[in-house]
Amino acid sequence: MSTNASAADPLAALGALPGVADSVDSVRKAVDRVYGHRVMRRRSNEITSEAALRGARASAALSGADWALEEVRRRTDFGVEPEARTVGAALRLTSEAGQLLSIWRQSPLRVLARLHLVAASGSREDETVGRPRLAGEGVDEPLIEAPLPEAKEVAGRLDGLSELIIAGGSAPALVTAAVVHGELLALRPFGSYNGLVARAAERIVLIGSGLDPKSICPAEVGHAEQGRAAYVAAFEGYLSGTPDGMAAWIAHCGRAVELGVRESTAVCEALQRGAA
């Protein structure tokens with residue numbers, strides 16, 4: 001993580017950046033509103049399932065497989081064309097994320113390895129699957145064009161990120177989720193599917209922190225709705241490591257959560273009307 005934040009608790013320090021507290025507060029209020037919807041009292045499992053599907057579709061879209069929701073819902077074969085494999089990987093990751101919460105708190109690196117293994121299912125004969133890349137190994141991540149850190153730097157920064165997560169701290173969930181997401185995009189530690197893994201890890205933080213325990217606020221939907229250009233521009237702010245850049249990335253992630261809330265609120269309203 002490239003930031004001038006305090007070494008004692010860098011994530012908490014990021015929470016003190018100008019504008020970040022407003023983003024955190026806005027996200028908290030939005031999440032509270034959808035959790036208070038009357039449909040959530042009776043049909044929360046349906047909202048969770050639909051949010052997972054829509055989040056996976058959106059994450060795949062950001063990785064170059066922009067399929068219509070009904071196509072994702074209808075298809076059963078995700079193992080042939082590159083786009084189909086991307087959509088299948090996103091669906092598997094979304095399903096897996098909620099099962100890894102307890103391990104995440106103790107060993108984030110084990111979870112990241114598991115996420116990549118799940119995403120790359122079907123390529124298990126490839127010795128690069130499920131582990132960070134080594135020196136000289138490339139990355140298949142064409143939609144993220146930032147400079148690729150060397151393997152030694154990747155290992156060191158992954159260890160640092162893991163230590164921050166295990167140590168906990170007072171940082172808001174949004175800040176932690178945004179940093180995990182941004183750092184994994186920056187490092188691209190695996191040979192493939194790094195964007196999908198980064199967004200799945202963001203989801204894990206939002207669920208495990210208690211901000212979105214039922215996983216009904218798909219930030220992936222919000223990232224996709226804001227558009228790839230805005231996503232990349234905000235990510236460049238993260239890469240800059242400047243206070244303004246970091247704050248802009250966190251705000252972008254906060255807006256993504258709010259848009260995910262809006263998506264699930266619409267699902268709640270449809271269920272309430274009996275239209276879905």
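**Cavities, pockets and a helix crossing**

The second largest cavity has a volume of about 40 Å³, where a cavity is a set of points on a 1 Å grid over the protein atoms alone at which a 1.4 Å probe fits but cannot get out, and a volume is the space filled by probe spheres set on the points, joined across faces, edges and corners. The structure is a predicted model, in which local features need pLDDT of at least 70 and side-chain atom pairs count only at pLDDT 80 or more, while totals for chains, interfaces and linings use all residues. Residues are numbered from 1 along each chain as its sequence is written, and side-chain values use heavy atoms, with hydrogens and water left out.

The second largest cavity is lined by R203, L206, I207, D212, S215, C217, P218, A219 and E220; lining residues have an atom within 4 Å of a point. Helices α10 and α11 (219-226) each give two or more residues to this lining, helices being DSSP runs (H or I, at least four residues) numbered from the N terminus. The largest contribution, three residues, comes from α10.

The largest cavity has a volume of about 50 Å³. Its lining consists of G55, A56, S59, A90, L93, T94, L196, R199, A200 and E220, with two or more residues from each of α3, α5 (82-97) and α10 (194-208). By class, five of the lining residues are nonpolar, three polar and two charged (Ala, Val, Leu, Ile, Met, Phe, Trp, Tyr, Cys and Pro count as nonpolar, Asp, Glu, Lys and Arg as charged, and the others, Gly among them, as polar).

Pockets were also identified, a pocket being an open set of points with protein on both sides within 12 Å along at least five of seven lines. The largest pocket holds about 550 Å³ of space. Among its 31 lining residues, P82, T86, D140, S192 and Y193 are the closest to the centre. Helix α5 gives the most to this lining, with five residues.

Helix α3 (residues 40-62) also takes part in a helix crossing: its axis and that of α13 (residues 243-273) come within 10 Å and cross at roughly 130°. Axes are lines fitted to C-alpha atoms over the stretch in contact, and angles run from 0 to 180 degrees between N-to-C directions. The helices α3 and α13 are therefore oblique, the class left when angles under 35 degrees count as roughly parallel, over 145 as roughly antiparallel and 65 to 115 as roughly perpendicular. In the contact (heavy atoms within 4.5 Å), α3 contributes M40, R43, E46, I47, E50, A51 and R54, and α13 contributes E263, S264, V267, C268 and L271.
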